[in-house]
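Open your viewer and get ready to click along. This short tour tells you what to select and what to look for at each stop.

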Amino acid sequence: MEPLAWRKIKSQGFVLFWMILGFIALIPVLSLVIVVVVRGLFALFFDGFSAQNPYYAQALLYSFLGTIIVAILTMLVASPITLFSALYLSEWLSGKRLAFLMTWLRAFSDMPALLTGMVIVLGFPNTNSTWVTLLYLAATLTAIGLPRFIRTTYDVFRTTSPILREGALAIGATKSQMIFKVLLPSHRAQVLAVYLQQLARVIGETASLLLFVKGGQAIFLSVAIDHAVVNASYDALTRAYGFAFLLLLLILMILWLARRITNSANRML
Amino acid sequence: MGESVTAFEISAYYGQKKVLHNISLTIIPGEITAIIGPPGCGKSTFVRCLNRLIEATPDAKVTGQVKLGGIDITTLPKEEVRRKIGMVFASPNPFPTMTVFDNVAAGLYLQGIKQRSEVADHVERTLRMASLWDEVKDRLQRPALALSLIEQQQLCIARALAVSPDVLLLDEPASMLSPMGTLQIEEIIDDLKMHYTILIVTHNLQQAARVADKTAFFLNGELIEFSDTMDLFTTPKDTRTEDYVTGRFG
Ligand SMILES: Nc1ncnc2c1ncn2[C@@H]1O[C@H](COP(=O)(O)OP(=O)(O)OP(=O)(O)O)[C@@H](O)[C@H]1O
Ligand SMILES: [Mg+2]
């Protein structure tokens, strides 16, 4: 047994640690808010965009739209693949093969965003078409994100109690009826919540990578900020911050929605 | 009226591990048969062999034969076997996103029976058999999870009965319920025995003594003794049975 006083100090130290960590995390958020407040709506100004000179133009609208479109395209492509792969893993595979696949999925699902960025730069298509660029980005994000999507969705099915499956089979359901008429409907809220969380993550990931997509160009937010600082361009910096701020709001909203859905689903079960 | 179920030299394995050893047993209509035995002795595994639910466990293997009214169940589609030999589980497991009505009707829907009047008839009849109709007749469109635990278990009984089984297997159906709920389930089962062949697994010896006409005692995957409940409890032939029913172990 540890002495009580020592345990108390330890737990207080822990609280302090988390408070400091929380404060550090707040700094970028606050700085975003402050920039938007100080510079006003200018930071969120959409107009007068020029592809030739994105840093100094008001590229926010394209940045924002580009990110959203990429995220939605990614989810459109990834969702069905994710669902069927997760079901395959949880309902058909077992034993050694499952363990083997899961090891790989786990390894690949924590790929850092930096690597994602490098892969994107590597294969970036040489084109003038905005849509080709968007599709390329969506395809790359799908390929890179898929292991994580599958793993999180798989976890939803894996944590179901077997009694739900048995209940369906025991009244004469075939395996596919059990999956599509009972298992899936019973988990639609959880699956939706997982998808929303992943969507938020894709947006976040794209956001750090893309400032704007048009005419086949994409500019990374970090590069844009760096460029703005080097050139002492107050406007460009403001817009980069404004852009980040909007996306942050969007991500928070999506995550909040996902939480609401999870909570109500949990209350139901 | 139910059909008899005959198990002939059933052995079961999970992977390499043998958990049932040559069990032969016949359960007949109009009676309640109980299976008793300590935890892990293979009671659930045995009843899952009877409706081929064991086949849903990836590494399970079964040898031997089960006959339903003289027909080898492996010659029938397993979905049909499971409809004819219904099952109720220890924890009530209504389908969480369905209404009370749809839960009972689920088995019919799965067979493609959609005609509203026919389905509604079935639902009412089986809810009555599960003594639940009066409680839920005004709540049929409410979510099943809004029911109390005992009502949920009654709902599961109705759900099993809705696909017109001959046999009803109950694997510790009252183990999650209060003493009152337990008695209620026992009454329902007693009413059902006129129409179905009933097998109940229980770890509650008093329950077996109260409801069962015949009782089987399992130990370590073996059938030690099978006889009239009265005889098994008062004049057991095997000393291991005697030790168990007198509470010396288990
Ligand atoms: N899916 C499985 N995989 C491997 N072993 C299993 C599996 N299910 C059960 N077993 C083992 O088989 C043996 C019999 O289990 P079973 O569930 O049939 O016993 P039971 O008599 O129903 O026990 P209880 O009273 O706890 O419900 C136990 O030793 C158990 O550990
Ligand atoms: Mg059991």
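We will visit a helix and then a cavity.

This is a predicted model, where local features need pLDDT of at least 70, side-chain atom pairs count only at pLDDT 80 or more, and totals for chains, interfaces and linings use all residues. Residues are numbered from 1 along each chain as its sequence is written, chains are lettered from A in the order in which they are written, and side-chain values use heavy atoms, leaving out hydrogens and water.

**Stop 1: the helix**

Select residues 116-129 of chain B: this is helix α4, with 14 residues (helices are DSSP runs of H or I, at least four residues, numbered from the N terminus). From first C-alpha to last, α4(B) reaches 20 Å, close to the 20 Å expected at 1.5 Å a residue (1.5 Å times one less than the number of residues).

Now colour B:V119, B:H122, B:V123, B:T126, B:L127 and B:M129, the buried residues of α4(B) (under 20% relative accessible area, 1.4 Å probe, protein chains only). They cover an arc of only 150 degrees around the axis, which puts them on the same side of α4(B) (the arc is taken from the directions from the helix axis to the C-beta atoms).

Next, step past the helix to B:S131, whose phi is positive, near 55 degrees.

**Stop 2: the cavity lining**

Show B:V5, B:T6, B:A7, B:L25, B:I27, B:F46, B:L50 and B:L199, which line the second largest cavity (on a 1 Å grid over the protein atoms alone, a set of points where a 1.4 Å probe fits but cannot get out; lining residues have an atom within 4 Å of a point). Which element gives the largest share of this lining? It is β1(B), with three residues.

Conventions
Helices (H or I, at least four residues) and strands (E, at least two) are DSSP runs, numbered from the N terminus. Buried means under 20% relative accessible area, exposed over 50%, partly exposed in between (1.4 Å probe, protein chains only). On a 1 Å grid over the protein atoms alone, a cavity is a set of points where a 1.4 Å probe fits but cannot get out, and a pocket is an open set with protein on both sides within 12 Å along at least five of seven lines; lining residues have an atom within 4 Å of a point.
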